[in-house]
Amino acid sequence: MEEIEVPSHFVCPISMQLMTDPVTVSTGITYDRDSIEKWLFSCKNNTCPVTKQELSDVDLTPNHTLRRLIQAWCTLNASSGIERIPTPKPQLDTTQIRKLIKDANKSPQMHQNCLQSLRSIAHGSERSKRCLEAAGAVEFLASIIKKNDSTVIEVALQDGVELKRASDEALLILYHLDTSQTGLKKLINYDGEFLESLMHFLRFGNFQSRGQAIMLMKTLFEVADPIQLINLRPQLFNEVVQILSNKVSEKASKATLKLLVEVCPWGKNRIKAVEAGLVSVLVELLIDSMERRACELILVVLDQLCGCAEGRAKMVSHGAGLAVVSKKILRVSQLATDRAVKILSSVCRLSANSRVIQEMLQVGVVTKLCLVMQLNASGKTKERTKEILKLHSRVWKNSPCIPPHLLTSYPS
């Protein structure tokens, strides 16, 4: 094929490829639709890539004139192997979606059709998702969830038809919608009603809906105001513990751990979590967990819980608590090592009675801490380890439980 030079104004400034669907942003610069949508929606940027100016809006205007010029150029160069770009399909607009939502209340069939269409759009491009949000789809779906609509609807799948409750389908669509921060703030400010609705799914939903509810709840808490996080009900922590205990899914478990990282520092949430049985559940998960990120998250949450007396009491009363925490030191990652040492430091400084001190010696905690002193751990972790060992050196330093080659690392 003869090499053809593409005119520079036909090339997308982002991808540096021939544009197939040119659109213009508010600064007057034209980009290929796929590239600018990824820049704006997937990468969460709000500036024009070329001018660096902040965009007054994210409306993308089709540049039909330029697209026709590109098509004509492709046709002229067809003999050189250039394929003519197709004319893009008309894009969804908010007016169409608003009509779809408005008509949903006219009949059960139209309600079902609306949910089916919204599901299809929510699995589409980032632009389609933002279009749904701008048209009020988030509020519409939230209203179905809040009503706990138990109407059974047919959902068309690739391999057949599935019968689902309308509220389950609305939750699925909302989960896939990747709602913006503004939209999430509106949801969490619904006088607590929407959060209560998600709690209902955590309590009574199937595994799929429970997983979607906890993942959606995590994104809500990431944008919540401090006062909302402080006032969380104890019942929430009971349900969150059940999600972890039942191992709904790996994705749901990680979302739950991230949720806990977000909420535990606020108010009395650590105590609420401890009273819900979280320490024991996390220790059991840590015993079985081999995946790096899961271990790190568990240790971060345990560190937060050990910041209160109740959490430390539960940690030292668990038969495997101290042993499994020390086992993760130097085996997972630097972050995991740092957090594990911090947990042991909290226990040693604030909750170490004679039984705990002896247990740490017998289950190998002290040996592992001596190993940290020998290796190149981070400065803060090494300093914290040194403090722990010096704190109880009277009991530990000359113990036969510590291998002789590690005793040389014991701080004086």
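A residue is called buried when its relative accessible area is under 20%, exposed when that area is over 50%, and partly exposed in between, with a 1.4 Å probe and protein chains only. By that rule Ser56 is exposed, since its relative accessible area is 66%. The structure is a predicted model, in which local features need pLDDT of at least 70 and side-chain atom pairs count only at pLDDT 80 or more, while totals for chains, interfaces and linings use all residues. Residues are numbered from 1 along each chain as its sequence is written, and side-chain values use heavy atoms, with hydrogens and water left out.

**Overall form**

- The protein has 24 helices and 5 strands, where helices (H or I, at least four residues) and strands (E, at least two) are DSSP runs numbered from the N terminus.
- Its radius of gyration is 28 Å, whereas a compact globule of 412 residues would have a value near 22 Å; the radius is taken over C-alpha atoms, and the globule rule is 2.2 Å times the number of residues to the power 0.38.
- Along the principal axes, the C-alpha trace of the protein spans about 90 × 60 × 40 Å.
- Of the 412 residues, 48% count as buried.
- Among contacts (heavy atoms within 4.5 Å) between residues at least 6 apart in sequence, 64% join residues at least 24 apart.

- Three strands form an open sheet in the order 2-1-3 with antiparallel pairing, and its edge strands, strand 2 (30-32) and strand 3 (61-62), each pair on one side only.
- Two strands count as paired if DSSP finds at least two bridges between them; strand 1 (residues 22-24) is joined to strand 2 by 3 bridges and the two run antiparallel, with Val23 standing opposite Tyr31 in strand 2.
- Helix 1 (residues 33-42) has Arg33, Ser35, Ile36, Glu37, Leu40 and Phe41 among its buried residues, and the buried residues of this helix pack against strand 1, strand 2, strand 3 and helix 5 (126-134).
- Lys44, which follows helix 1, has a positive phi near 60 degrees.

**The loop between helix 1 and strand 3**

- Leu55 is found in the loop between helix 1 and strand 3, and it counts as buried because its relative accessibility is 9%.
- Leaving aside residues up to four places away in sequence, Leu55 touches Val25, Ser26, Thr27, Leu40, Asn46, Thr47 and Cys48.
- Leu55 and Asn45 are 10 residues apart in sequence, and their C-alpha atoms are 9.4 Å apart in space.
- Ser56 also has its place in the loop between helix 1 and strand 3, and its C-alpha atom is separated by 38 Å from that of Arg210, which is 154 residues away along the chain.

**Positive phi values in two other loops**

- Asn148, which lies in the loop between helix 6 (137-146) and strand 4 (152-157), has a positive phi of about 50 degrees although it is not a glycine.
- Because its relative accessibility is 26%, Asn148 counts as partly exposed.
- Asp178 lies in the loop between helix 7 (166-176) and helix 8 (181-188), and its phi is near 50 degrees, a positive value in a residue other than glycine.
- Asp178 counts as partly exposed because its relative accessibility is 38%.
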